[in-house]
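Me: I would like to learn how to read a structure step by step, with the general idea given before each case. Could we go through one together?

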Amino acid sequence: MVEKYVIAKSLSEALETLGIEDRSMAVIAGGSDLLIDIRQGRHPQPDLFLDISEVEEMRQIRLDGNEIYLGGAVTHQEIVHSDLLNKHAQCVVEGCGLIGGPQVRNVATIGGNVAHALPAGDGTISLLALDAKVHIAPRSGDPRWEPLIDIFSGPGKVTFDRASELLVGFRFSKINEGEASAFHRVMRPQGVAIAILNMAAWVKIGSGTTIADVRIACGPAGPRPFRAYQTEAVLKGKLFDSIAFEQACQVLAGEVSLRTSKHRATKEYREQLLPVLLREVLDTAIGRAIIR
Ligand SMILES: Cc1cc2nc3c(=O)[nH]c(=O)nc-3n(C[C@H](O)[C@H](O)[C@H](O)COP(=O)(O)OP(=O)(O)OC[C@H]3O[C@@H](n4cnc5c(N)ncnc54)[C@H](O)[C@@H]3O)c2cc1C
C-alpha cells in the first residue's frame, strides 16, 4: 500500500521528515480514519507515511501547573485509563471511551480525532467544552498555541497545513473546586462510528448552585465542531431551574444548524434530541460539581 513508512521517535525527527518535499506524504497516527479515507478515495494515496504514534512529546498526559497537557498521539484507551484525566477531564474520558470499540480505541488517537475535523468527533467535542488550546508545530519556524475552536474551517478541513505542520498536543485548565464536566451522545443502535448527536458541558457552580460559568459544545451542529456561545450566555449567572433550562433549550435550538443525514438521522429527530442531551450533560456536570 505504501512505498515508505517512517516511524518518528521525537518531534524533531517527525518535523524533519515532514520537510522532505519530493514525496507525497501523509501523517498517520492510529490510521483508523486515514486508511479508510485512502481506500475509499477520499484521501490521495501517499508514497510516504509519517507515523507519529511513538513521538515521545506527543505521548504524554501531565499536569503543568494549573493546566493539563494531553499529547496528540495519546490513544483513546490511554485517555480512558488516565487517573489525571478521570479527575480533570471527565467529558474527554467519557467521549473517548465511546469511540468505536476496543480495537479502535487501542490505536486511534485524540490528535487524529481532532485533525480529521469531523463536526461530531467525540474527542473533539469534549475538548471544546474544556476550552482547549492546541499546539501546532511547523516543519520550520516557531510552534504556536491556538484556541482549538479556531482550527476548523469546514467538514474535514483544518486551518493548519497538514503537509507541513503537526498537531502536537492540547492543554486546558485543570478542574477546580465547584467545576466539573460531562459528555453524552446518541448513536444509531447498530452504530459504531459518528454520533447522531453528541454534547459536552463544563460548569462552574457559584453560591446557591448558581451557574457561575458554563461551556457547551455539540455536533454535528454545523460544518464545524460547534460551541454554543449564545446558550452559555443565557445560563451564566442563573440558578439552574426549569425556567433557565427552557430558555437555554430555545436559544440552543436557534443557534445550532441541524440537518438530515442519509445514514444517521433526520433534522427533526436531532431537534428532539437537543433538549434531551442538554439536560443530561448539564445535570451530570452540575451534580459532579456540587459533590466536588
Ligand atoms: C470502526 C470505527 C469506529 C469509529 N467510531 C468513532 C466514534 O464513535 N466517534 C468518533 O469520534 N470517531 C470514531 N471513529 C473515527 C476514528 O477512530 C477517530 O477519529 C480517531 O480518533 C482517529 O485517530 P487516528 O489516530 O486513527 O487518526 P488517523 O487515521 O491516523 O489520522 C486521521 C487524520 O488526521 C491526521 N493526523 C493524525 N494525527 C495527526 C497529528 N498529530 N498532526 C497532524 N495531522 C494528524 C492524518 O493525517 C489524517 O488526515 C471510528 C473509526 C472506525 C474505523
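**Reading the model**

Reply: E78 is partly exposed, with 19 other C-beta atoms within 10 Å; a residue counts as buried if 20 or more other C-beta atoms lie within 10 Å of its own, as exposed if 12 or fewer, and as partly exposed in between, with C-beta atoms placed from the backbone. This is a predicted model, in which local features need pLDDT of at least 70 and side-chain atom pairs count only at pLDDT 80 or more, while totals for chains, interfaces and linings use all residues. Residues are numbered from 1 along each chain as its sequence is written.

Me: Which helix holds E78, and how far is its C-alpha atom from that of K204?

Reply: Helices (H or I, at least four residues) and strands (E, at least two) are DSSP runs, numbered from the N terminus. E78 is found in helix α3, residues 76-80, and its C-alpha atom is separated by 27 Å from that of K204, which is 126 residues apart from E78 along the chain.

Me: How many residues of helix α5 are buried, and how many of α8?

Reply: In helix α5 (residues 90-97), seven of the eight residues are buried, so this helix is largely enclosed by the rest of the structure; the buried residues are Q90, C91, V92, V93, E94, G95 and C96. Helix α8 is mostly covered, since eight of its eight residues are buried, among them D122, I125 and L128.

Me: What follows α8?

Reply: α8 is followed by D131, whose phi is positive, near 55 degrees, and D131 is a residue other than glycine. D131 is found in the loop between α8 and β6 (133-138), where D131 is partly exposed, with 15 other C-beta atoms within 10 Å. Phi of T209 is likewise positive and near 55 degrees; T209 lies in the loop between β12 (197-205) and β13, and T209 is partly exposed, with 14 other C-beta atoms within 10 Å.

Me: Which peptide bond is cis?

Reply: The bond from G219 to P220 is cis, with omega near -5 degrees, and P220 has its place in the loop between β13 (211-219) and β14 (226-227).

Me: How should I read two helices such as α10 and α11, and at what angle do their axes cross?

Reply: Two packed helices are described by the angle between their axes and the distance between the axes. Axes are lines fitted to C-alpha atoms, for helices over the stretch in contact, and angles run from 0 to 180 degrees between N-to-C directions. The axes of α10 (residues 242-255) and α11 (residues 267-291) come within 10 Å and cross at roughly 135 degrees. That makes α10 oblique to α11, given that angles under 35 degrees count as roughly parallel, over 145 as roughly antiparallel, 65 to 115 as roughly perpendicular and the rest as oblique.

Me: Which residues of α10 and α11 meet?

Reply: Two residues are in contact if their C-beta atoms, placed from the backbone, lie within 7 Å. F245, A248, C249, L252 and A253 in α10 meet E271, L274, P275, L278 and R279 in α11. By class, this contact has eight nonpolar, no polar and two charged residues, where Ala, Val, Leu, Ile, Met, Phe, Trp, Tyr, Cys and Pro count as nonpolar, Asp, Glu, Lys and Arg as charged, and the others, Gly among them, as polar.
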